[in-house]
Each structure stands twice: as C-alpha cells, then as structure tokens.
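Colleague: I should be grateful for a close look at one part of this model, followed by an account of its surroundings. Please keep to what can be read from the coordinates.

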Amino acid sequence: MPIAAAAASPLLAWRDPLYILAGFAGIVALGLMLFQPLLIGGYLPGLSARIGRRVHPWIGGALVVAVLIHVGGLWITSPPDMIDALLFVSPTPFSPWGVIAMWAIFAVALLAALRRRLGLRPRTWRIAHMLLAVIIVVGSVVHGMLVEGTMETFSKAALCALLLAMTIKVMAGLRVWRKRATSRGENIARQETEQA
C-alpha cells in the first residue's frame with residue numbers, strides 16, 4: 001500500500017529517475033523491516049516460527065540491498081547532501097535518524113556474517129541483535145515519519161505504527177528475557193538455600 005500510494009505522488013513528476021529509485025528503495029526497506037518481527041514471532045499465516053527463523057536472514061539480506069540502493073542512489077544524485085548526512089551536519093532533522101539506522105543495519109549484517117568466526121555465544125548474539133534491531137526500528141520510523149516526500153502520510157504512519165507494535169510484541173515475548181529472569185530467580189533461590 002505505501003508503494004502504491006507513493007507511486008501516485010505528484011512529486012514524482014519533478015524527480016530524477018535515480019532519485020525516484022532511491023526513494024522507493026527506502027520505502028521497500030521500511031516494508032521489509034515489518035516482515036522481520038513477523039517471521040521471528042511466527043505471525044505470518046502459513047509459516048511457523050521455525051521456518052520464519054530460516055527466512056529471516058534472507059529478508060535481512062534483502063533489507064541491506066534496499067538500504068544500499070537507497071543510500072547509493074541519493075549519493076549519486078546529491079553527494080553534498082549525503083556527505084552532510086553521514087557527518088551528522090545536515091540541516092534536515094530526518095538525516096541523523098536514517099544514518100544511525102543504516103549503520104545499525106550494517107552492524108547486524110556484519111555480526112551475522114562473522115558470528116561464528118567471532119565465537120559469539122547464541123545468547124550474546126541474540127541480545128546484540130535485539131539491541132541493534134531496536135535502534136534500526138526506532139531510527140527508521142523517526143526517519144520515515146520526518147521525511148516529507150512521495151510517501152503518503154496515512155499509509156506511512158500505518159506502516160510505522162505496525163512496525164513498532166510488532167517489534168514491541170515480539171521483543172516482549174522472546175525467551176531470552178524470560179530465561180535471564182528465571183536464571184536470576186534460580187540464583188537467588190540457591191543463595192537463600194545455601195544460607196539456610
């Protein structure tokens with residue numbers, strides 16, 4: 001829906017094709033982000049959480065490609081603006097949020113690619129991934145909402161609200177948090193038993 005609404009925008013008439021491609025890559029990236037918590041939580045009809053976890057890295061790879069097209073296209077069409085954004089000196093309020101989200105996406109992709117070589121334990125990887133995911137989602141939502149461009153406001157707000165809601169729902173239900181609380185509770189119970 002956001003892509004269809006953006007395609008009908010009158011602003012496209014004055015845009016360069018590469019700029020349009022870069023903008024639509026950003027919309028696709030925002031849409032792909034919504035699939036990530038849905039896949040991990042097993043909320044997509046016909047896909048179990050187990051299969052969703054297998055598809056999750058592929059959607060993550062597609063997200064990286066979409067971000068590269070988004071940033072690369074904007075770089076080619078307006079290098080000074082991109083340099084200002086990357087150096088956090090851009091006068092536009094949406095730029096820093098997009099840059100922070102971009103680096104967090106690249107960090108997750110790099111950690112995923114190198115996690116075995118780095119010897120990251122599954123729990124350490126999950127916590128790092130979740131913290132970076134929060135940065136990605138918050139940064140992307142703020143970036144998207146602040147950009148006044150071809151994206152239609154209602155569909156953009158709906159997509160961002162869904163992304164935030166599903167991310168919060170899935171993160172709140174993850175076992176890694178409960179396991180930590182259970183371990184802490186077991187340690188306290190063990191200490192009380194030993195003292196008795």
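Is Ser155 buried or exposed, and what is its relative accessible area?

Modeller: Please bear in mind that the model is predicted. Ser155 has a relative accessible area of 2%, and buried means under 20%; Ser155 is therefore buried. The residue belongs to helix H7, which covers residues 153–173. When neighbours within four places in sequence are set aside, Ser155 is in contact with Met1, Pro2 and Ala5.

The chain as a whole provides the setting. The protein chain contains eight helices and zero strands, and read from the N terminus its elements run α-α-α-α-α-α-α-α. It has 196 residues, of which 34% count as buried. Among contacts with a separation of 6 or more, 67% join residues 24 or more positions apart.

Helix H2 may be taken next. It comprises 25 residues, 17–41. At 1.5 Å a residue this helix should span 36 Å, and its end C-alpha atoms are 37 Å apart, so the two values agree. After H2 comes Gly42, whose phi is positive, near 70°. Within H2 lies Gln36, which counts as buried because its relative accessible area is 12%. Leaving out residues up to four places away in sequence, Gln36 touches His56, Ile59 and Gly60.

Helix H3 spans residues 49–77. Ala66 is found in this helix, and its relative accessible area of 6% means that it is buried. Not counting residues up to four places away in sequence, Ala66 touches Ala25, Val28, Ala29 and Leu32.

The loop between H4 and H5 contains Phe88. Most residues other than glycine have a negative phi. Phe88 has a phi near 60°, a positive value in a residue other than glycine. With a relative accessibility of 47%, Phe88 counts as partly exposed.

Helix H5 (residues 95–118) holds both Trp103 and Phe106, which are three residues apart, about one turn of the helix. An α-helix has 3.6 residues a turn, so residues three or four places apart point the same way. The structure holds one aromatic pair. It is formed by Trp103 and Phe106: their ring centres are 5.8 Å apart and their planes stand at 80°, so the pair is edge-to-face. Trp103 counts as partly exposed because its relative accessibility is 49%, and Phe106, at 21%, also counts as partly exposed.

Residues up to four places away in sequence aside, Ile136 touches Met33, Ala101, Ala104, Ile105 and Val108. Ile136 and Val108 are 28 residues apart in sequence, with 9.5 Å between their C-alpha atoms.

To return to your question, Ser155 is a buried residue of relative accessible area 2%, and its contacts beyond four places in sequence are Met1, Pro2 and Ala5.

Methods. Residues numbered from 1 in each chain as written. Predicted model: local features only at pLDDT ≥ 70, side-chain atom pairs only at ≥ 80, totals over all residues. Heavy atoms only, no water. Phe/Tyr/Trp six-rings, centres within 6.5 Å; stacked < 30°, edge-to-face > 60°. Helix = DSSP H or I, 4+ residues; strand = E, 2+ residues; numbered from the N terminus. Buried < 20%, exposed > 50% of the residue type's maximum accessible area, 1.4 Å probe, protein only. Expected span 1.5 Å × (residues − 1). Contact = heavy atoms within 4.5 Å. Axes fitted to C-alpha atoms, helices over the stretch in contact; angles between N-to-C directions.
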